[in-house]
Amino acid sequence: MNFKEIEPKWQKFWENKGLFKAPSEPIPDKKYYNLVMFAYPSGDIHIGHFRNYTIGDALARYKKMRGFDVLHPFGWDAFGLPAEEAAIKHGIHPREWTLNNIEVSRVTLKRLGIGYDWDREVITCLPDYYRWNQWIFLKMFEKGLAYQAESLVNWCPHCKTVLANEQVEDGACWRCHQEVTRKNLVQWFFKITEYADRLLQDLDRLEGWPERVKAMQRNWIGRSEGARVIFKLDPERTELPVYTTRPDTLFGVTFISIAPEHPLSKTLSKGLPEEKMVNDFIESTLRRTERDRTAQGEKNGVFTGRYALHPMTGEKIPLWIGDYVLAGYGTGIVMGVPAHDQRDFIFAKKYSLPIKVVVEPHSQELNALELKEAYEAYGTMVNSGPFTGFFSFDGIKAITEMLKEKGLGDFEVRFKIRDWLISRQRYWGTPIPMIHCEKCGVVPVPYEDLPVKLPEGKIDFIPKGRSPLEDVPTFIEVTCPKCKQKAKRDPDTMDTFVDSSWYFLRYLDPKNEKLPFDPKKANAWMPVDQYTGGIEHATLHLLYFRFFTKVLHDLGYVRIDEPVVRLFNHGMVSDSQGEKMSKSKGNTVSPSDLIAQVGADVTRIAVFFAAPAEKEILWSEDGIGGAERFLNRVWRFFESALEQNEGEERPEKVWRKLHQTIKRVTEDMERFSFHTAIAALMELLNVLEEEKSKGKFARSVMAIYAQLISPFTPHIAEEMWEKLGNKSSVFQSEWPSYDPKALEESEIEIVIQVNGKVRDHLTVAKGAKEEEIKLKALDSPKVKNLIGDKELKKIIVVPEKLVNLVVQ
């Protein structure tokens, strides 16, 4: 059968019926919010998108048949750098490029038969969406969660824009993969650190999330308990705060190292012989990437000519600038304990700095001169004044308490996560709704003036290291809302991850012109019951949208403070050689081409059956052929079933296999094991073909078969359902249930052993008596030949498993 010919018919049927439109407010115990990560419209959708969206679609259709009010919306993550780069390359406006791509992708998704509620579609680059980004920004600003500060930031020389810490992967830009440098700029931040503890602790509540994602977020948030230790600059007594998790090693400090980016670094050596050497070192170090500076191997530094005073002993400790110390971690100042920290050990060895052992393993002495590497484990404290003899854990507490008494330290909890830097020096993003006035300072745009729209017309998008909006007078030049004097808009736009941090809430009320969403509707549908997408944004989007949800909860707009109950990460789709698909490599697979060749349902089966949903697919055209052959077999059997009058005869094997399949497919749908669900349907088809001549049962069985296969091949299932005489959609029918009695086997197979070795198999009625089993075993031709005239000494029967004949 040419399956692709029937697909437009059913897609139009679903659209006309409004089959996938969700109610404004669901029945509370029957709501199911099924969300897939929305798409970035860089062109038509690719096979990786296809996999994501068909997983979500199969689940939505299944849950609808289980009686749920299903919300299955879709939208477009439409701001971002590729649109701007395309505008530069092709000479068209990013809006035009983006909206054209959306139109192409939307058509493809509809051809795939994905059951979205298109009335709820959101497009983040349109003012009716990004207005609410600005609204949320202003709410955060009022609460002190949005602030502007000068900071050393990650700068991508290729994209010519700032990157958040989460967007730097192994020292490279997450988008263009070029090395990232550091730069001092005044930027806008969201204070995600204010929520670090809650974001960390609440991971334990997310039982439906993959442990891998939770582990990645725990590591990124990076909570550590330690102490703040105050060294003082000699002779000025300027405080030099250090954060350490190992106060028990305080007496082993032999130098202090400061990050080259630290504000003190350039002033420490002023007027000293070391000044030029220090400044040259700082300049050369800042040209290197953080990845390079923190890599394993040699550590570099320069002595400042200055000293600090040890908080316990008063000893003078030399101050160094070290390339392996980063300003963004801890305080940007570290205490050098070479005997008990490997980086410090390498540094001390290179510059012949003292090494002092202050912690030893139990019952073992360490000689500083003989150390080949740092001893970093806990142990017994030595050479530590009044704390000598303490075990490390006790020493950590005791030393910190004494520092606190002296006003030179305290217990402290720190997080690795930094505040979210959201400023971007590009055009195609949400304008930051702030105004800079010489008289009034930084002034928020009044709510009634939102949205602050991006300027249209001819814009020079070529990156210059500053926002293109600075060169648009009609945009940048405004009147201050407070003093009515001349002022300027903030020229930067927001990180596009702001768009995706709350889009799931806009789906609930996409036409609202007074608020981002109606809290009543949000409370009716939230949290998201199932979220499906890739794992690549585990410490980006999947962290940011948790942060936004908590902020909106605290502001009183949503009852929940975690957005998603259950998260599923599907595997990637690579080419047959395991290479990541990309247009530059020429190895991409277009779903549009596959639909044109074999239809959507064949393509869906091929993708579902290729691998477990959470595993990588190595794409091969062989899968398309296998899927097509299977569906042709299904259709041939179905057509033969239509010719058959339904009768009473139903072979027991068919009855049992049918109910086993219902049970198995149902369980597999719940656990995203789609490939095994399809395998079960293949096995059932085998039995149906084998038993076809033994009774008039096929029509009733194929009605259930159509229901079971419908999440995977919705068009074919609808065609079958209609030809069986049904007027409504198969997705308006109730998902089949299985009869537990049918699962019980009436016959079982047991093993026949002779002297412990398997010689034959025997089929007997379940619950057969021992005597009957013995007689049947002895009657086996194979057993008769083996035993012959030998004496039978004993017969051992293990019920429902085996019978063992012991002979001489």
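The model is predicted, so local features need pLDDT of at least 70, side-chain atom pairs count only at pLDDT 80 or more, and totals for chains, interfaces and linings use all residues. Residues are numbered from 1 along each chain as its sequence is written, and side-chain values use heavy atoms, with hydrogens and water left out.

Start with the helices. Two packed helices are described by the angle between their axes and the distance between the axes. Helices here are DSSP runs of H or I with at least four residues, strands are E runs of at least two, and both are numbered from the N terminus. Axes are lines fitted to C-alpha atoms, for helices over the stretch in contact, and angles run from 0 to 180 degrees between N-to-C directions.

Helix α18 spans residues 622-642, and helix α20 spans 674-691. Their axes come within 11 Å and cross at roughly 40 degrees. That makes α18 oblique to α20. Angles under 35 degrees count as roughly parallel, over 145 as roughly antiparallel, 65 to 115 as roughly perpendicular, and the rest as oblique. The crossing of α18 and α20 is left-handed. A left-handed crossing has the near helix turned anticlockwise from the far one by less than a right angle; clockwise is right-handed. From α18, the contact (heavy atoms within 4.5 Å) uses F630, R633, V634 and F637. From α20 come I678, L681, M682, L685, N686, L688 and E689. By class, this contact of α18 with α20 has eight nonpolar, one polar and two charged residues. Nonpolar covers Ala, Val, Leu, Ile, Met, Phe, Trp, Tyr, Cys and Pro; charged covers Asp, Glu, Lys and Arg; the others, Gly among them, are polar.

Now turn to α2 (residues 47-65) and α19 (residues 652-670). These helices pack at an angle of about 125 degrees, with axes 10 Å apart. α2 and α19 are therefore oblique to each other. Their crossing is left-handed. On the α2 side, A58, L59, Y62 and K63 meet T666, M669 and E670 of α19. The contact of α2 with α19 divides into four nonpolar, one polar and two charged residues.

Next come the spaces. On a 1 Å grid over the protein atoms alone, a cavity is a set of points where a 1.4 Å probe fits but cannot get out; a pocket is an open set with protein on both sides within 12 Å along at least five of seven lines; lining residues have an atom within 4 Å of a point. Grid points are joined across faces, edges and corners, and a volume is the space filled by probe spheres set on the points.

The structure holds three cavities of 30 Å³ or more.

Of its 48 lining residues, N165, R182, G328, Y329 and R418 are the closest to its centre. Strand β5 gives the largest share, seven residues. By class, the lining of this pocket has 19 nonpolar, 15 polar and 14 charged residues.

Finish with the backbone. Most residues other than glycine have a negative phi, and most peptide bonds are trans. The bond joining L450 and P451 is cis, with omega about 0 degrees. P451 sits in the loop between β22 and α12. The bond from M526 to P527 is also cis, with omega near 0 degrees. P527 lies in the loop between α14 and β26. R237 has a positive phi, near 70 degrees. R237 is in the loop between β10 and β11.
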